[in-house]
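Student: I am new to this structure and would like a close look at a single part of it, the nonpolar core. Please describe that part and then how the rest is arranged around it.

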Amino acid sequence: RKCMKVVSLFSGAGGLDLGFKMAGHEIIWANDLYEDAVETYRHNLGDHIICEDISKIDAKEIPECDIIIGGFPCQGFSVANMKRHEADERNALYKQLIRVIDAKKPKFFLAENVKGLTNLAKGAIFKMILSDFAALGYKVSYRVLNAADYGVPQTRQRVIIIGVRNDIDFEYIFPLPTHSKDGGDGLPRWVSVGEALSDIPDPDLPNDLPNHDYSKYKLQFNGYLGHRALDPEKPAPTVTARGDNKGGVVILPHPNAQRRMSCRELAAVQSFPLDYRFFGNRSSVYRQIGNAVPPLLGYAVANVFNQYEGSDK
């Protein structure tokens, strides 16, 4: 199989990068502006990450690579952001991804974002983004994938945009599901949140798991986001990153309905390994986890690139 040399932008805590690493690819350079996330990334994945505003980095400083990946910041696009608007300045950050792709001209790119991106301004913004990517000289395709279909104990839907440089003889086929909602098509059922948390000890009892503490924010089941009881037999709803590192993050309740999930439990719902350590205060850690691409989803989309045999037209 072909090992890709990967440049990662908007890397965050490293969920997407971990997925690429799990698939056998090599991350040679990464970037993020959020210091806590960079420390998390550095501890778990390596010193190749630069903590800097991407708009201040000259593309000449970025190494040549086979693929550029990036879950560009999505707060301006997300349906969880009730004030979203196409004029949100954060929506322009995808243009930094475009700038770097244009300068480096990798064989491939992969961009990830919230499902809500596809219908912002009745789809006009998404069409513009796809057109901008195609204008760089790439065949562009996309699909909305549900993380639960790939073994993540969470019904998290994300749009994955793939670019294949026009001179590259390769068709990206989106990965087939490894799991199904009802166990049909010979596949195992979606992984439930109860299964995912079954081996994690009570955070109030002695344990040696990193980040295994939880918000004491009062549970109030009123039907709103973060205030809905979880069915332990089903995957969790989407983990969000609402709030900031000063507090106010909205955290899913534990299926036992007695408390919020701990950071460790929330990371497990995102499919991070139990030994993946996060840095920063508790609100910051929750935010990093909520912003991450689930590593198992990252692995599924990264594994397709192993089929590339290195042929150009």
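Tutor: A nonpolar core is a set of buried Ala, Val, Leu, Ile, Met, Phe, Trp, Tyr and Cys residues joined through side-chain atoms within 4.5 Å. Buried here means under 20% relative accessible area. The model is predicted, and its largest nonpolar core has 58 residues. The members that touch the most other members are Phe20, Ile67, Phe108, Leu110, Tyr172, Met261 and Phe305. Helix H6, residues 263-269, gives this core its largest share, five residues. In soluble globular proteins, nonpolar side chains tend to be buried together.

Leaving aside residues up to four places away in sequence, Ile67 touches Met4, Lys5, Val6, Val7, Phe20, Pro106, Phe108, Phe109, Leu110 and Phe305. Across the protein, 69% of the contacts between residues at least 6 apart in sequence join residues at least 24 apart.

Next comes the sheet. Strand E4 covers residues 67-70 and pairs with strand E1, residues 5-9, in the parallel sense over four bridges. Leu9 has Gly70 of E4 as its bridge partner. Both strands belong to an open sheet of seven strands, with the order E3-E2-E1-E4-E5-E7-E6 and mixed pairing. At the edges are strand E3 (49-51) and strand E6 (138-146), each of which pairs on one side only. From one strand to the next, the twist averages 15°.

Helix H2, residues 35-45, touches strand E2 (26-32) and E3, and its direction makes about 160° with that of E3. Helix H4, residues 124-134, touches strand E5 (108-114), E6 and strand E7 (157-165); the direction of H4 makes about 140° with that of E6. In total, the protein has eight helices and seven strands.

Now the protein as a whole. Of its 313 residues, 53% are buried. The accessible surface is about 14400 Å², and carbon and sulfur atoms hold 48% of it. Cys263 counts as buried because its relative accessibility is 1%, whereas Cys3 counts as partly exposed because its relative accessibility is 39%. A search of the whole structure finds zero disulfides.

How values were computed
Residues numbered from 1 in each chain as written. Predicted model: local features only at pLDDT ≥ 70, side-chain atom pairs only at ≥ 80, totals over all residues. Heavy atoms only, no water. Disulfide = S-S within 2.5 Å. Buried < 20%, exposed > 50% of the residue type's maximum accessible area, 1.4 Å probe, protein only. Helix = DSSP H or I, 4+ residues; strand = E, 2+ residues; numbered from the N terminus. Contact = heavy atoms within 4.5 Å. Areas by Shrake-Rupley, 256 points an atom, 1.4 Å probe, with all protein chains shown as cover. Pairing = 2+ DSSP bridges. Axes fitted to C-alpha atoms, helices over the stretch in contact; angles between N-to-C directions.
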